[in-house]
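Visitor: Please take one part of this model and go through it closely. I would like its place in the chain, its surroundings and its two sides.

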Amino acid sequence: MTLPVVLQRLRLPVVAAPLFIISTPDLVIAQCKAGIVGSFPALNARPKELLESWLIRITEELAAHDRLHPDAPSAPFAVNQIVHRSNDRLEHDVALCADYRVPLVITSGGARPDINEAIHAYGGLVFHDVINDAFARKAIAKGADGLVAVAAGAGGHAGTLSPFALIQEIRAWFDGPLLLSGAIASGRSILAALATGADLAYIGSAFMPTTEANAVAQYKDMVTACSSADVVYTNLFTGVHGNYLRPSIARAGLDPDNLPVSDPSKMDFGTEDKVKPWKDIWGCGQGIGVLRDVLPTAVLVDRFAAEFHAARRELSARVDVSASARSAPDTPIAA
């Protein structure tokens, strides 16, 4: 399908995922200036009064960039809203999104028609993240404009389904905007996301080791030193299954290979008397094996672009060779 107009001017078909604690205006602005959608969780702005100043800064800096670079304007930005009964500032944050006409809102943790209607009232779009087809159907039925398919291997609260299975099930009935999340950390994997049937790749962990990311140096170093074998899937820390870095779990005095199972009905985001997820236990996706340096966001996106276009040329060449081989007459094997 044709993407909404607001998403048609991207340099690459990429939305940067909102990273708890890590995504702040510095990272979002760098992502948008590099030509991809930048995003942040509204809850990263604490106290809640800080959210308005973040929105002012982002909108003003991107507008200034666009005036200076009319031939290479910035990409739009997105705000992630946790649509869960535990989020007591949701209405406040959505109202600010409306005031500043945030182009894209990414909702998580539930789908609410009233929130979707509030975003639609000013012309914004709502994308909802889902881990299976049933949740996808509910989100669209409640008014979401698009979906983020969170497949196996994604950082944070990830699903367990193969991206091939998840995308094909959703595409069987939904022809709207569809993003794919899960171990995407290179230009080649961005192209692969499109090949599955997604419109855009949704990338989070690759931006953790960037200079603009609001992560401590040890976190960035751990990401660049680890690979998929160092990612542990557990629901212990929040009650919801997610992917976390093995060394950070071990550093907290826990055995990554013998973690108890948490009661999912008692979602808990950490208390003062124990380690806190995201702050002490670091989330990460399985695609980090190709990340070996801490880079500026612009440099990382440049690399994605070079890899994406090289992979597309390579794929085109392979298809041409295959087509030629199929059309060539049979050649006897020499004795």
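Guide: Thr24 sits in the loop that joins strand 1 (14-16) to helix 1 (25-33); helices (H or I, at least four residues) and strands (E, at least two) are DSSP runs numbered from the N terminus. The model is predicted, so local features need pLDDT of at least 70 and side-chain atom pairs count only at pLDDT 80 or more, while totals for chains, interfaces and linings use all residues. Residues are numbered from 1 along each chain as its sequence is written, and side-chain values use heavy atoms, without hydrogens or water.

Thr24 has 13% relative accessibility and therefore counts as buried (under 20% relative accessible area; exposed is over 50% and partly exposed lies in between, with a 1.4 Å probe and protein chains only). Apart from neighbours within four places in sequence, Thr24 is in contact (heavy atoms within 4.5 Å) with Trp54 and Asn214.

An α-helix has 3.6 residues a turn, so residues three or four places apart point the same way.

The length of helix 2 agrees with expectation, because its 19 residues should span 27 Å at 1.5 Å a residue and its end C-alpha atoms are 27 Å apart (the expected span is 1.5 Å times one less than the number of residues).

Helix 2 (residues 50-68) also gives the most to the lining of the second largest pocket, with four residues. A pocket here is an open set of points on a 1 Å grid over the protein atoms alone, where a 1.4 Å probe fits, with protein on both sides within 12 Å along at least five of seven lines; lining residues have an atom within 4 Å of a point. This pocket holds about 180 Å³ of space, the volume filled by probe spheres set on points joined across faces, edges and corners. Of its 13 lining residues, Arg9, Leu62, Pro76, Phe77 and Pro103 lie nearest the centre.
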